[in-house]
Amino acid sequence: MSRYFVRRILATIPLMFIISIFVFMFIHLIPGDPARTIAGLDAEEWQVEAIREEYGLNKPIVTQYVDYMVKLFHGDMGESMKSFTPVSELIAERMPQTLKLVFAGVLWAPILGIFIGVMSAIKQGKIFDHVCMLIAITGLSAPGFWLGLMGIQIFSVQLGWLPSGGLDSWKGFILPSFTMGCGIMAVLARYSRSSMLETLREDYVRTARAKGQKESLVMFSHAFRNSLIQVVTILGLQIGGLLSGSVLTETVFSIPGMGRLLTDSIQFRDYAAVQGLLMLFALQYVLINLVVDLLYGVINPKIRLD
Amino acid sequence: MVQERLLTVNKLRTEFFQSKKSSVTAINEISFHLDKGEILGLVGESGCGKSVTSLSIMRLLNFTSGKVTKGEVIFDGEDLQKISENEMRKIRGGKMSMIFQEPMSSLNPAMRIDKQMIEGIRLHTNMSKEEARKHASKMLSQVGIPDPERVLKNYPHQLSGGMSQRVMIAMAMSCNPQMLIADEPTTALDVTIQAQILELMKKIQQEEGMSILLITHDLGVVAEMCTRVIVMYAGEIVEEAPVEELFNHPTHPYTEGLIASVPKLGSGVKVLPSIPGSVPDLSMLPKGCRFAPRCKYATERCRNEEPDLFQISANQKCRCWRQER
Ligand SMILES: Nc1ncnc2c1ncn2[C@@H]1O[C@H](COP(=O)(O)OP(=O)(O)OP(=O)(O)O)[C@@H](O)[C@H]1O
Ligand code: SF4
Ligand SMILES: [Mg+2]
């Protein structure tokens with residue numbers, strides 16, 4: 001049983017390294033000279049050179065990468081080139097806001113999405129099914145930030161019921177969490193519907209009925225559980241995208257989270273901060289996928305026991 | 001020995017609906033009966049309506065686009081078409097149970113065998129979980145599984161096809177059914193396992209005095225197992241006869257064709273004569289006898305008038321103008 005889990009956990013280590021190389025390369029391929037940016041456009045060449053020296057930017061790129069990784073392992077993400085505070089501090093300061101936002105989206109959207117999908121499958125072809133799928137398609141085709149802007153326009157500007165930004169009260173959570181979760185809900189509704197429909201045609205569902213099992217239990221303990229196996233993978237991809245998806249939501253609702261930090265840092269060419277944030281986003285993506293794969297093993301005995 | 005009726009199917013018709021108005025009739029007014037302690041064979045080529053017949057009896061088509069639109073299914077004195085879904089559920093898996101063609105996919109892949117068996121047992125008895133588990137274990141040894149405790153802890157993908165079918169049989173037998181419907185129980189298995197499973201079914205049938213409706217397209221299986229046979233073609237019964245009669249004096253040209261295409265042991269024949277043509281599409285049935293396009297005896301009359309199922313002797317029936325009485 002544990003072999004699958006151990007193997008899967010170990011596999012994330014090389015993956016993280018490869019991703020870190022890509023992130024690092026990517027940052028260094030961005031046009032523009034970070035040292036020049038820090039020094040300012042009217043600085044002398046020797047001043048720029050001094051900054052290169054200070055940040056190690058004149059060393060070979062491999063050395064720079066190794067230095068960075070060694071420091072990273074000691075919890076040192078370098079120093080912001082804008083505010084000269086450690087990047088880890090900047091991030092720690094912003095993280096709670098983003099996490100709150102992500103949770104606000106994650107708590108309801110997958111559950112509601114799966115529920116809608118499964119019920120649509122059970123009521124296939126009925127009005128309920130059509131209405132739900134219409135909503136799901138709308139949710140899929142409308143970008144989250146646009147929904148957010150519409151929400152602000154209607155509920156904040158015109159009706160004045162909800163604040164247009166910030167996460168200071170529970171009311172403040174409503175629109176951002178809706179913006180964050182809408183897409184996930186729609187995707188999961190679609191996927192769980194088709195997965196459930198597929199499962200309902202399986203022979204073992206017929207077997208469960210032939211046993212004399214109640215239809216509600218046939219659906220729940222036989223069909224639903226098996227249909228989840230496919231849905232979980234999609235769920236992972238969706239949640240993995242949430243943290244980066246928070247960039248837009250934070251901008252729309254002026255929430256000072258990591259997403260905002262990222263956009264600000266990119267504008268200022270604050271390479272250290274951008275690099276740190278991207279590493280963190282990549283790490284969370286890998287971790288969420290790990291959790292999903294482990295979960296997949298838990299619900300799918302074929303994977304777990306092979 | 002006085003024969004007692006267990007099941008009487010009377011003019012049963014099942015249609016599949018593409019929409020509210022348009023449908024195809026998959027089985028058309030079929031009538032037959034099954035006595036207590038009897039093994040009745042139901043044969044015919046693929047697509048002739050064997051599975052639909054069994055699913056109609058069990059009322060398992062309600063979950064598809066299929067619907068029984070006419071006829072009765074009298075089981076143990078009760079019309080199964082008239083009772084409520086709740087009452088029907090008590091019969092399914094209880095007094096009447098079923099095993100299927102694909103044993104591997106007929107077990108829930110995400111559930112251990114013990115749980116799947118206990119579920120069925122507890123639906124129809126008032127055993128506790130522990131008692132039900134013991135009973136499941138006993139059933140598994142009864143179907144010849146040497147290490148029931150290990151199998152109970154397994155997931156379906158850890159079992160072979162033959163093993164899975166044994167589990168399915170144990171599951172179907174676990175509530176002491178009066179009737180078992182076996183829909184091609186050995187078709188998906190390899191030859192040696194086939195023989196073992198058939199032998200097992202026969203043994204259990206004799207011990208428990210149960211009735212079996214055995215669906216197959218393998219006449220060899222029929223000869224081995226059954227007392228009486230029904231031959232179906234394009235949704236209708238075309239011949240009904242005791243097994244010796246059927247093999248010695250087949251009266252319907254279709255039955256003749258089926259029997260001619262069974263390899264005989266030691267005959268040395270490699271290429272078997274098979275019936276030319278194929279089963280007609282249900283939505284485009286020929287006028288007259290449904291078998292006429294493939295029948296070497298077909299006449300003008302056959303192509304225009306549909307023959308009845310004629311009673312040609314005390315226990316043989318045939319749907320062919322040549323047997324008109
Ligand atoms: N769910 C369904 N929807 C529409 N038509 C169906 C459905 N199930 C069966 N049919 C039709 O009913 C007819 C009889 O099918 P059935 O499955 O009973 O054949 P069969 O005799 O069991 O064949 P096989 O030997 O292949 O199992 C077929 O022509 C098939 O097209
Ligand atoms: S009725 Fe005619 S066509 Fe049909 S089986 Fe008999 S001989 Fe053949
Ligand atoms: Mg069939």
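**Reading the model**

Q: What does Lys11(B) count as by relative accessibility?
A: At 43% relative accessibility, Lys11(B) counts as partly exposed. Buried means under 20% relative accessible area, exposed means over 50%, and partly exposed lies in between (1.4 Å probe, protein chains only).

Q: What kind of model is this, and how do its numbers work?
A: It is a predicted model, where local features need pLDDT of at least 70, side-chain atom pairs count only at pLDDT 80 or more, and totals for chains, interfaces and linings use all residues. Residues are numbered from 1 along each chain as its sequence is written, chains are lettered from A and ligands numbered from 1 in the order written, and side-chain values use heavy atoms, without hydrogens or water.

Q: What is the mean pLDDT of each chain?
A: pLDDT is the predictor's confidence in each residue, from 0 to 100. Chain A has a mean of 86, with 99% of its residues at 70 or more. Chain B has a mean of 91, with 96% at 70 or more. Within chain A, helix H2 (residues 34-39) is lowest, at a mean of 75. Helix H9 (residues 203-210) of chain A is highest, at 95. The model as a whole scores ipTM 0.89 and pTM 0.84.

Q: How many helices and strands are there in chain A?
A: Elements are DSSP runs, numbered from the N terminus: helices are H or I, at least four residues, and strands are E, at least two. Chain A has 13 helices and zero strands. From the N terminus on, its elements run α-α-α-α-α-α-α-α-α-α-α-α-α. Its C-alpha trace spans about 85 × 55 × 30 Å along the principal axes. Of the 306 residues in chain A, 45% are buried.

Q: Into which domains is chain A divided?
A: Bounds come from an automatic or database domain assignment. Chain A has domain 1 (18-73) and domain 2 (100-255). The C-alpha centres of these two domains of chain A lie 42 Å apart.

Q: Which pair is formed by Phe17(A) and Phe73(A)?
A: A stacked one, at 6.3 Å centre to centre with 25 degrees between the planes. Phe17(A) lies in helix H1 (residues 2-29) of chain A and Phe73(A) in helix H4 (residues 61-73) of chain A, so the pair ties together parts that are 56 residues apart in sequence. Phe17(A) is partly exposed, with a relative accessible area of 37%. Phe73(A) is exposed, at 62% relative accessibility. Elsewhere, ring pairs link Phe24(A), Tyr65(A) and Tyr68(A) into a cluster.

Q: Which residues have a positive phi although they are not glycine?
A: Phe84(A) is one of them, with phi about 60 degrees. Phe84(A) lies in the loop between H4 and helix H5 (87-122) of chain A. At 47% relative accessibility, Phe84(A) is partly exposed. Lys11(B) also has a positive phi, of about 50 degrees. Lys11(B) sits in strand S1 (residues 5-17) of chain B.

Q: How many residues surround ligand 1?
A: Count residues with a heavy atom within 4 Å of the molecule. There are 13, and the closest are Ser46(B), Gly47(B), Lys50(B), Ser51(B) and Val52(B).

How values were computed. Rings of Phe, Tyr and Trp (its six-membered ring) pair if their centres lie within 6.5 Å; planes under 30 degrees apart count as stacked, over 60 as edge-to-face and the rest as tilted.
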